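Please consult the sequence and the structure alongside each point.

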Amino acid sequence: GGEMGSLRAILKHPDDLYPMVKLKLAARSAEKQIPPEPHWAFCYTMLHKVSRSFGLVIQQLDTDLRDAVCIFYLVLRALDTVEDDTSIPEEVKVPILMAFHRHIYDREWHFSCGTKEYKVLMDEFHHVSTAFLELGSGYQEAIEDITMRMGAGMAKFICKEVETIDDYDEYCHYVAGLVGLGLSKLFHASGKEDLASDTLSNSMGLFLQELKYEENSVKAVQCLNDMVTNALVHVEDCLKYMSALRDPANFRFCAIPQIMAIGTLALCYNNIQVFRGVVKMRRGLTAKVIDRTKTMSDVYGAFYDFSRMLKSKIGENDPNAKKTKDSLETILKICRDSGTLTQRKSYIIQSKSQCSSTPVNCGHLHHTGYASSLFVRNPTT
């Protein structure tokens, strides 16, 4: 951590500097651009508190859509806070979750729960409702619909344990897939995009969700690899979804988190470090992704690089090896077939391998200079 850590990182990756400075300035201007009205000021300040990265990508959207996405995010955060608070008895919690989509229309409603900034969000929820009521009716309907479906799904799983893979898939649909569906509805309501199919929207939400498995406290790398393999299944849909987007700002808003997701999967795959603390992409690499992601060909390029890196890490003895390889082959083929892979900066810098004459088959990371650079960054820096 500390200053020396970041200095060393920059000396090791000098071309990170420009994207990082750019990102820093973007983050500053995002924090400055807090609207003057007290309810909107509350909503945007809260957004930056609960999610720095999301607060950043959201900044690129057009004003009315940005406001809608901000409120959607805070409403889901509030729903989450109720779901997660173990001190609320079931008979109180379930009705709140079920009726949450009605509470958002009520300026008086609030319910104290959660801790830290989430407690503030819940106590001062009237700001969120007030802002919600100023959104266009198309945005309001989309948010109400998803909140209703998600609240019902959460309530259902409070009364029933997740025991089977099917239960898990269903639960993931409620907590993650519906976020993808909701964003697609908001894009459509803005009049700028066609409405994506539920399948594609669901995959967008799920691919991002699979990254949150730290909470599942998985205890074995094979299980981790299994989860990575499951996540890869969604990539094809995600690429299809993104290629259909028309507005450049909406495109970047969707593409950047998806590239971060595949990069993080590449980093976590076969990586015992995941169980020893937070594994995150280097800040500089994150900054580069944000700086370079402008068109669909940038997305194909990034997915191509990270998929190749992932493929190089598959061990022959992994029970999922074939399934993982097949998924990656499909992804690589889609990227190649796009015809956009020439003429671009790769995220992978090939370097001499200490492993064998065929570095790509070596399950280790050091055969790609970039791979080691992608490796575990100290969460404190």
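1. A disulfide is a pair of cysteine sulfur atoms within 2.5 Å. By that criterion, a search of the whole structure returns zero disulfides. Cys 70 is accordingly in no disulfide, and its nearest cysteine sulfur, that of Cys 43, lies 5.4 Å away.

2. This is a predicted model, in which local features need pLDDT of at least 70, side-chain atom pairs count only at pLDDT 80 or more, and totals for chains, interfaces and linings use all residues. Residues are numbered from 1 along each chain as its sequence is written, and side-chain values use heavy atoms, with hydrogens and water left out.

3. Is Cys 70 buried or exposed? Cys 70 counts as buried because its relative accessibility is 0%, the term meaning under 20% relative accessible area, with exposed over 50% and partly exposed in between (1.4 Å probe, protein chains only). Cys 335 is also buried, with a relative accessible area of 0%.

4. A patch of positive charge on the surface gathers Lys 24, Arg 28, Lys 32, Arg 52, Lys 280 and Arg 283. Patches are made of residues with over 30% relative accessible area and no salt bridge, like charges being joined within 9 Å and nonpolar side chains (Val, Leu, Ile, Met, Phe, Trp, Tyr) within 5 Å. A salt bridge is a side-chain nitrogen of Lys or Arg within 4 Å of a carboxyl oxygen of Asp or Glu.

5. Helix H2 (residues 17–32) supplies the largest share of the positive patch, three residues. Helices are DSSP runs (H or I, at least four residues), numbered from the N terminus. Arg 52 belongs to helix H4 (residues 52–58) and is exposed, with a relative accessible area of 55%.

How values were computed. Areas by Shrake-Rupley, 256 points an atom, 1.4 Å probe, with all protein chains shown as cover. Lys, Arg positive; Asp, Glu negative; His and termini not counted. Charge placed at Lys NZ, Arg CZ, Asp CG, Glu CD. Helix = DSSP H or I, 4+ residues; strand = E, 2+ residues; numbered from the N terminus.
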